[in-house]
Each structure stands twice: as structure tokens, then as C-alpha cells.
Amino acid sequence: MRSKNFLRAEQQVLGWAAPGLMAGVDEAGRGPLAGPVVAAAVILDERQPIEGLADSKTLTAPRRERLYDEIRAKALCCAIGEASVEEIDRLNILKATLLAMQRAVQGLRLKPVRVLVDGNQLPVLDMLAEAVVKGDALVPAISAASILAKVHRDRWCGQIHAQFPQYGFDAHKGYGTAAHLEALRLHGACAWHRQSFAPVRAAGVRAVTVEAP
């Protein structure tokens, strides 16, 4: 089915404003060595503006948390999509990211007529879509999606830290920091590590497997 062919999307340059709802889409978690990749889709309500929307990476964690709650309260609708560690390892991280984006858009309660996606790649969608490089800093709806995806994934890292404190997920959020690489060397990889990523393959699997949170 075409919906599964999420790499063969065609760019639609939106030089005109299509009437109707517009959704912004962004992801979090492409670079880390562990955990799902998360995408969010947001349709903002023009009647309820949200001050301070920006690329989530430029915001402090407390500010992201406050904006997360405000976005959830004021947006017309929003949705989270994920691609699992197994899907990342089977498909590759790019395809898994596009799949998560596709799922986020499909999860919206209201269907947009157009979608703006951060970056230069598009998932296959059944509406007009445009990739916007640095869109998380330029388009408020993409900024909002960036914040939702980042907070959702950071919270996931907090849950996993409680199960596997030896890795320090609460601090590095799964990224390949020196502390994380040292933990992999000492303890091997756990069930949440991405085996298709070279530092994880090198560490091997030694930790106990657990159910998803």
C-alpha cells in the first residue's frame, strides 16, 4: 500500500496559502543510541496564540515543559507518533523517522489540508506537504511540534532511567556522550539500545530485557 511507502513523497512547494487547516510536524530522537524516534504533529488555533514558541533545542527544560502544557491546552489538535527501536533497526533511522511523522499526522483528530515538515525529507501523506529547512525556528506550528516531540521523548528517557539507572538516560537522553559510551562499555547494551548503531553493536547485549513502559 502507498501509505507504507513513506520515502517516496513528492515535495509540494506551497507558494500559495491553501485554505483550511495547516499542521506542523517535527521529530525528536534521530541521533540517540537508544529509544524510539518520536514525531509530533500540531494544528495551532489562531484565536489562542502561544508566546515563546521556538526550536525546542534553544529552550530550557522547564520552559519546554511549560510550553508543552500550553500547546496541549490551546492547540486545535495534536498527536504523537513513534517508531520503535525494532523498526529503527529494521528500516534504518531515516525511514523510521518518516514513519513516525506519518503516524503523527494520521493521529490528528482533525485532518489538515497541508502539512509543513521540519527538514528536507517528507513522509508520504494524503495531503499537500512541504519540507521546511530549519522550520522549527521559522514556523510556529513546527516549533510547537518540536517541543511536544522533545518533551515526550525526554519523559520516556526518565522512565527508562528508573529501570536502567546505570546508563544515565536522565542526563544524556540516549545520546552518545562520553558517559553513555563508558556505561555501554561496562554494562553492554540493554533492550532499548539501537543495535543498528555502531557503538551499540560494539558493546554487545548484556542487560536484562524489559517490557515497554
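The exercises below walk through a predicted model of one chain, each with a worked solution.

Residues are numbered from 1 along each chain as its sequence is written. In this predicted model local features need pLDDT of at least 70 and side-chain atom pairs count only at pLDDT 80 or more, while totals for chains, interfaces and linings use all residues; side-chain values use heavy atoms, with hydrogens and water left out.

**Exercise 1. State which elements make up the chain and how much of the chain is buried.**

Solution. Helices (H or I, at least four residues) and strands (E, at least two) are DSSP runs, numbered from the N terminus. Step one: the chain has eight helices and five strands. Step two: read from the N terminus, their order is β-β-α-β-α-α-β-β-α-α-α-α-α. Step three: buried means under 20% relative accessible area, exposed over 50%, and partly exposed in between, with a 1.4 Å probe and protein chains only. By that rule 48% of the 213 residues are buried.

**Exercise 2. Describe the order of the strands in the sheet and how they pair.**

Solution. Two strands pair if DSSP finds at least two bridges between them. Step one: the five strands form an open sheet in the order E3-E2-E1-E4-E5, with mixed pairing. Strand E3 (77-83) and strand E5 (128-132) are the edges, each pairing on one side only. Step two: go through the pairs. E2 and E3 are antiparallel over seven bridges, and Ala41 stands opposite Ala79 in E3. E1 and E2 are also antiparallel, over five bridges; here Val25 has Ala41 in E2 as its bridge partner. Strand E1 (residues 22-28) and strand E4 (residues 114-118) are parallel over four bridges, and Gly24 has Leu116 in E4 as its bridge partner. Step three: find what lies against the sheet. Helix H5 (residues 140-163) packs on it, touching E1, strand E2 (37-43), E3, E4 and E5. The direction of H5 makes about 35 degrees with that of E1; axes are lines fitted to C-alpha atoms, for helices over the stretch in contact, and angles run from 0 to 180 degrees between N-to-C directions.

**Exercise 3. Decide whether E2 is enclosed or open to the outside.**

Solution. Step one: seven of the seven residues of E2 are buried, so the strand is largely enclosed by the rest of the structure. Step two: sort the residues by direction. Val37, Ala39, Ala41 and Ile43 point one way, Val38, Ala40 and Val42 the other way, and all are buried.

**Exercise 4. Classify the ring pair of Trp156 and Trp192.**

Solution. Rings of Phe, Tyr and Trp (its six-membered ring) pair if their centres lie within 6.5 Å; planes under 30 degrees apart count as stacked, over 60 as edge-to-face and the rest as tilted. Step one: three aromatic pairs are counted by this rule. Step two: the centres of Trp156 and Trp192 are 5.4 Å apart and the planes stand at 85 degrees, so this pair is edge-to-face. Step three: Trp156 is in helix H5 and Trp192 in the loop between H7 and H8, so the pair ties together parts 36 residues apart in sequence. Trp156 is buried at 7% relative accessibility, and Trp192 is buried at 12%.

**Exercise 5. Locate Gln195 and list what it touches.**

Solution. Step one: Gln195 lies in the loop between helix H7 (178-187) and helix H8 (198-203). Step two: at 28% relative accessibility, Gln195 counts as partly exposed. Step three: contact means heavy atoms within 4.5 Å. Not counting residues up to four places away in sequence, Gln195 touches Asp89, Ala189, Cys190, Val200, Arg201 and Val205.
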